[in-house]
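Have the sequence and the model open side by side.

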Amino acid sequence: MSKKKKIISVVGARPNFMKLAPIERELKKHRSLFNHLIVHTGQHYDHRLSKVFFKDLDLPEPDIYLGAGSGSHAEQTAKIMTEFEKVVLKEKPDLVIVFGDVNSTIACALVCSKIHHAGGTIPIAHVEAGLRSFDNTMPEEINRIVTDALSDMLFITERAGVENLLEEGVSKKKIYLTGDTMIDSLVHFSKKISSSDVLKRLGLSKQSYILATIHRPVNVDNRQNLEKIISIFEKISKEALKFNPETKIVLPIHPRTLKMAEKFSLLKRLKNIKNLITTEPAGYTDFIKLLTDCKFVVTDSGGIQEEATFLKIPCLTLRESFERPETLILGSNTLCGLNENLIIKKTAEIYSGKYKKGKIPRLMDGKAAQRIVKAIKTRLF
Ligand code: UD1
């Protein structure tokens, strides 16, 4: 067999890390074939959004840290590109793996596709390719479209992704329906997750609380929408207390949300919600434990819709668009937008046992990384 191939995986923001971990483990099993380097762009630099995830997910320290930090989209993307180009020129990887839909993803895909070394560009593999919300006002949607257009291997979590890519004219040869490495992490760490003592630390008991997360720019950067969300939390609180007077709402608060709530002078109103507990952003193990044991989750995250589906936890999604249809069709997810009436109706259904049960999609089987690394092996050797 020919010499070892060098693979660089690029991560930068919180939702990337749990997608990388299973691939890192799988590549390690083939260490005679692959030399795997991890590059952290530094898009997320807070300990609570980054380092704690490396620890929880048993990931090794990144080999290279780019220290990009925050900024406008153009600034952040440009900083990552400038630094990553140096890495690529020095390391000359045989393949670069990018994850999801964050600014780090598009930045590094652009660098690889424009560099000419060894007579060509550097092949890009995109993990979580093909998802489309068809909402171009979301920065993530632009990141997905561009990254997919530039990628050579597109690893897809659910069938709709295949259809989206074929519709965009992507060659079938580049498309791999492999499943969701985020769920691989959940399966792999299930023991560690169940032994987290986060409930005890927060004074909670199983099923006695609602979990909430909110951070999308469309929801939190706009005063009206953030106010509406706080009003939704107030209403959910009132409705839930009717069914269980002990109910709490647990909100691990994202830095963006905190910053915007302060800016709009809405933090006090949020914190005044009677049974709401705000916490620091949770690490991976604690967060999934909170998700596993909650009554239901209210969120605008993408990944949590998948994790809730796998765990069969009712999920009310505060977004107008969606890119993960299986979570809605098969899973325990409902798209609610900021429709208060619908959210309260669903809250009542959940407490009275009438909410849909949800099924686990076939490809959420904990083996996505195995399929991905097998495809990479076939491609590179
Ligand atoms: C990014 C992703 C989003 C993902 C989310 C998960 C993009 C376009 N968006 O959004 O898809 O769902 O991460 O968290 O890539 N900040 C800190 N500490 C940090 C990082 C950021 O305080 O470690 C602050 C920044 O100053 C900034 C805000 O949080 O004001 C937003 O950070 P940024 O990475 O730009 O986007 P996210 O909203 O986190």
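Which way do α1 and α18 cross, left-handed or right-handed? The crossing is right-handed, meaning that the near helix is turned clockwise from the far one by less than a right angle. Before going on, a word on the source: this is a predicted model, where local features need pLDDT of at least 70, side-chain atom pairs count only at pLDDT 80 or more, and totals for chains, interfaces and linings use all residues. Residues are numbered from 1 along each chain as its sequence is written, and side-chain values use heavy atoms, leaving out hydrogens and water.

Back to that pair: α1 spans residues 14-29 and α18 residues 368-380, and their axes come within 9 Å and cross at roughly 55 degrees. In contact terms (heavy atoms within 4.5 Å), Pro22, Ile23, Glu26 and Leu27 of α1 meet Ala369, Gln370, Ile372 and Val373 of α18.

Now look at α14 (residues 284-293) and α15 (residues 303-311), packed at about 55 degrees with axes 10 Å apart. This pair is therefore oblique too, and the crossing is right-handed. Tyr284, Phe287, Ile288, Leu291 and Thr292 on α14 touch Ile304, Glu307, Ala308 and Leu311 on α15.

Last stop: Lys6, sitting in strand β1 (residues 5-11). Lys6 counts as buried because its relative accessibility is 19%, and the cut-off is under 20% relative accessible area with a 1.4 Å probe, protein chains only. Beyond its neighbours within four places in sequence, Lys6 contacts residues including Asn35, Leu37 and Glu91.

Terms used
Axes are lines fitted to C-alpha atoms, for helices over the stretch in contact, and angles run from 0 to 180 degrees between N-to-C directions. Helices (H or I, at least four residues) and strands (E, at least two) are DSSP runs, numbered from the N terminus. Buried means under 20% relative accessible area, exposed over 50%, partly exposed in between (1.4 Å probe, protein chains only). Angles under 35 degrees count as roughly parallel, over 145 as roughly antiparallel, 65 to 115 as roughly perpendicular and the rest as oblique.
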